[in-house]
Amino acid sequence: MLTEVTGLVIKSADIGESDRLITVYTKEEGVISALVKGAKSLKNKNMAATQLFCYSSFVLYKKNDKFWVRESELIESFFGIRSSIEALSLGGYILEVLSEVGTAAAEEELLRLALNSLYALAECKSSHDKVKAAFEIRSMAIIGYMPDVLTCRDCGERSGEFFFDIMSGNIQCFSCHEKEGRSGAPEIYDSSESRIIRIITEGAKIAMGYCAHCPMERLFAFSLPDGDMENFCAAAEDYLVNQLERSFKSLEFYKEVIR
C-alpha cells in the first residue's frame, strides 16, 4: 500500500554507506520517518527532494514496519537559507522546535508557519530577529500556549510598560504589580512560586499580541524601534524556552554565530 504525503524535511541522518533516514513534518499525517535508499548518491532520483529544509511531495511504501521513499518531488528547497551561517543556524532552530512540538497528529497551521518563516529567511524578507521572535510566539499560540497580553490581567489597562509573567503568559501593569508588593527589577525569578517575570515595553506587548493573533500571511508585517524590538525578542525567546521546559542546541549555536 502506498501513502502520499507533502511535507518539510526537519531531520536527516545518514544510515550505512548510502541510505538516509529522514523525518518529515507532513500536513496529512504529522511527523513521519522514512528511509531513502541510496540517497547519498548524486545519481539518486530522490536525493534533491529528501535533504534538510526541503518541502517536497512523497510517495511512501511500508516494508518491515518502516516507511521507505518510493518517489519524491521537490516543491521548495529554501536555497537562500544556505547563503549565510546566520540564516542557516536560525533555520536549524526552527526545524528543531518543529521536531520538539510535532506529533503524529497533523497540524497544518504549524507547518505553514515554519514554511513562511523559512521563506522569509531564504528571501531576506525580514530581519532574522523578527522572524525568530514572531515564529516563537506564533508557534506557542498554535500548540495551545496562547499568551494573554492584550490587557493587564487584573485591571484591564492597555497602555504603558507591563510585567510579563513568562510561565502563565499574562501581563500585569505596574500599579497592580506594586499593590502586591512585588519587586520592580527588570527580570525576576521567584522560586517559591515558580514565576519568571520580565518587564516588557508597550511596543513589545503590542508586537507579541499581533504575532499571536494576526493573519498568518501578515505575520512579519510590523516594525518596532530598536529598543522595543530587542525587548520583544528577549521576551519571545524566554516564553518559548520556558513553556517547552527545555533548551535547544541550535538556539545556543545561533546566539554564538550572531555575537
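1. Let's start inside: the largest cavity has a volume of about 40 Å³. A cavity here is a set of points on a 1 Å grid over the protein atoms alone where a 1.4 Å probe fits but cannot get out. Grid points are joined across faces, edges and corners, and the volume is the space filled by probe spheres set on them. Searching the whole structure turns up 1 cavity of 30 Å³ or more.

2. A word on what you're looking at: this is a predicted model, where local features need pLDDT of at least 70 and side-chain atom pairs count only at pLDDT 80 or more, while totals for chains, interfaces and linings use all residues. Numbering runs from 1 along each chain as its sequence is written, and side-chain values use heavy atoms, with hydrogens and water left out.

3. Lining residues have an atom within 4 Å of a point, and among them are Arg153, Asp165, Gln172, His177 and Arg195. Strands β7 (162-165), β8 (170-173) and β10 (195-200) each give at least two residues to this lining. By type, the lining splits into 4 nonpolar, 3 polar and 3 charged residues; Ala, Val, Leu, Ile, Met, Phe, Trp, Tyr, Cys and Pro count as nonpolar, Asp, Glu, Lys and Arg as charged, and the others, Gly among them, as polar.

4. Zooming out, the chain has 7 helices and 10 strands. These are DSSP runs (helices H or I, at least four residues; strands E, at least two), numbered from the N terminus. The C-alpha trace spans about 65 × 35 × 30 Å along its principal axes.

5. How much of the chain is buried? Of its 259 residues, 50% are, with buried meaning under 20% relative accessible area (1.4 Å probe, protein chains only).

6. Leu113 is worth a click. This residue sits in helix α2 (residues 108-122) and counts as buried because its relative accessibility is 0%. Beyond its neighbours within four places in sequence, Leu113 is in contact (heavy atoms within 4.5 Å) with Phe135, Arg138, Ser139, Ile142, Met216 and Leu219. Leu95 is 18 residues from Leu113 in sequence, and their C-alpha atoms are 11 Å apart.

7. Just after α6, Glu245 takes a positive phi of about 55°.

Key
1 Å grid on protein atoms, 1.4 Å probe; cavity = no way out; pocket = protein on both sides within 12 Å on 5 of 7 lines; lining within 4 Å.
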